[in-house]
Amino acid sequence: MKPIHALAPLAALALAGCASMEPPPAAQAQVTGSVLYRERIMLPPTATVTVTLADTSLMDAPAQVIDTQVITGGSPPYRFALSYDPARIIANHTYSVSARIEVDGRLRFITDTHTPVITHGAPTHVEMIAVGVPQT
């Protein structure tokens, strides 16, 4: 049997190998919810629902998009799950979700209210109602 001090160099090499390993990927969190509209109509299968999670903190700059999900087909309510890295969330920033529904590339419905999520006591699960856009 070898003395413990003789194994020390091997233990140091094992630990050094562990230290050089890449850290595991950051845990992802999600904002979930659904989008619906009040009109009692069925949209064609070509309809697309785009839901976006963004940092909307700056008033004089475009929102920084964090994640987007495009849903095709189906019927309301359209369920979504948007991913984000909690380590990149800044506590005093404002985050929100929005949705738009297009049919054959033309805007048909859109959310017209601010839907806050994640920070300032806002939830991570929301239900949104999109309003109709006048068609010309």
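The lining of the largest cavity comprises six nonpolar, four polar and no charged residues (Ala, Val, Leu, Ile, Met, Phe, Trp, Tyr, Cys and Pro count as nonpolar, Asp, Glu, Lys and Arg as charged, and the others, Gly among them, as polar). The model is predicted, with local features requiring pLDDT of at least 70 and side-chain atom pairs counted only at pLDDT 80 or more, whereas totals for chains, interfaces and linings use all residues. Residues are numbered from 1 along each chain as its sequence is written, and side-chain values use heavy atoms, with hydrogens and water left out.

One cavity of 30 Å³ or more is found in the whole structure, a cavity being a set of points on a 1 Å grid over the protein atoms alone where a 1.4 Å probe fits but cannot get out, with lining residues having an atom within 4 Å of a point. The largest cavity holds about 40 Å³, the volume being the space filled by probe spheres set on the points, which are joined across faces, edges and corners. Its lining includes Pro-44, Pro-45, Ile-71 and Tyr-78. Strands E2 and E3 (64-72) each give two or more residues to this lining, and E2 gives the most, with three. Strands (E, at least two residues) are DSSP runs, numbered from the N terminus.

Strand E5 and strand E6 (residues 106-110) pair antiparallel over four bridges; pairing requires at least two bridges found by DSSP. Arg-100 has Ile-110 in E6 as its bridge partner. Two residues separate the strands of this hairpin, where Asp-104 takes a positive phi near 55 degrees. E6 also runs antiparallel to E8, joined by two bridges, and Phe-109 is partnered with Gly-132 in E8.

Terms used
On a 1 Å grid over the protein atoms alone, a cavity is a set of points where a 1.4 Å probe fits but cannot get out, and a pocket is an open set with protein on both sides within 12 Å along at least five of seven lines; lining residues have an atom within 4 Å of a point.
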